[in-house]
Amino acid sequence: MQIIGLIIEGNSDTDMSLDSLLNFEQKRAVVSRVTEKWLLALYQRHFQGHETVLEVGSGLGYFKRKLPKHNGIWVQLDSNPVALKEARHKDSSGRGIYVAGTGLLLPFEDESFDVVCGFNCYDLLAAFGDEAFTEARRVLKKGGLFLHTQDLLIPLIVHKNTGEEYEIT
C-alpha cells in the first residue's frame, strides 16, 4: 500500500449546516486555488481514470469536481447527509455514488477499492485511534493506494517578515 500526504496551511470549520458548508468552501477558495494544481498533478500521476475510488469525508465533493472526467466508480462517503445532498447537486457528471457513513466503520466489502482517499478527514479520525486506518486497509484491494492530504492544519498564517498573524476568515 502506498501512502502519500501533504500539509498546506489553512483554516477549518466544524458547523455542518448547508449555509456553513457553502460559506466554508467559499472561505477556503484561496487555499483551494493553491491545492487545485497540486491535486490535478497528483491525480494525473497516481490515477488512470478507471479506478474504483472511495473518498472518505467527502463533504461537498470538492476533489471529485476539480478532477478530469473519471470513468471509474467514485464513491463519496460523509457522515453529513446535507453535505452529500449538495455534493450530488454539484456533480455535473451525474455518475457519483453518495453514501452516508463514517470512516470508522466502512459499509463496504473487503478489498472493494483501488484507492481510498481522504482530504482533511483522516487527521480528525485519528483521534479515535487506528480504526479508520484499519478500515481503509480492509476495503483497499491488494496493492491499492491510500491517499490523505491535509490543507487545513493551521488556522492562521504568520507573515514571515513581520511575524504578524492573519486569520483566514
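First, the ground rules. This is a predicted model, where local features need pLDDT of at least 70, side-chain atom pairs count only at pLDDT 80 or more, and totals for chains, interfaces and linings use all residues. Residues are numbered from 1 along each chain as its sequence is written, and side-chain values use heavy atoms, with hydrogens and water left out.

Now the rings. The structure holds six aromatic pairs. Rings of Phe, Tyr and Trp (its six-membered ring) pair if their centres lie within 6.5 Å; planes under 30 degrees apart are stacked, over 60 edge-to-face, the rest tilted.

Take Phe47 and Trp74. Their ring centres are 6.2 Å apart and their planes at 15°, so this pair is stacked. Phe47 sits in the loop between α2 (29–46) and β2, and Trp74 in strand β3 (residues 74–78), so the pair ties together parts 27 residues apart in sequence. Helices (H or I, at least four residues) and strands (E, at least two) are DSSP runs, numbered from the N terminus.

Are these two buried or exposed? Phe47 is buried at 5% relative accessibility. Trp74 is buried too, at 2%. Buried means under 20% relative accessible area, exposed over 50%, partly exposed in between (1.4 Å probe, protein chains only).

Next, Phe108 and Phe113. This pair is edge-to-face, with 5.1 Å centre to centre and 85° between the planes. Both residues are buried.

Last, helix α6, residues 131–139. Its buried residues are Ala132, Glu135, Ala136 and Val139.
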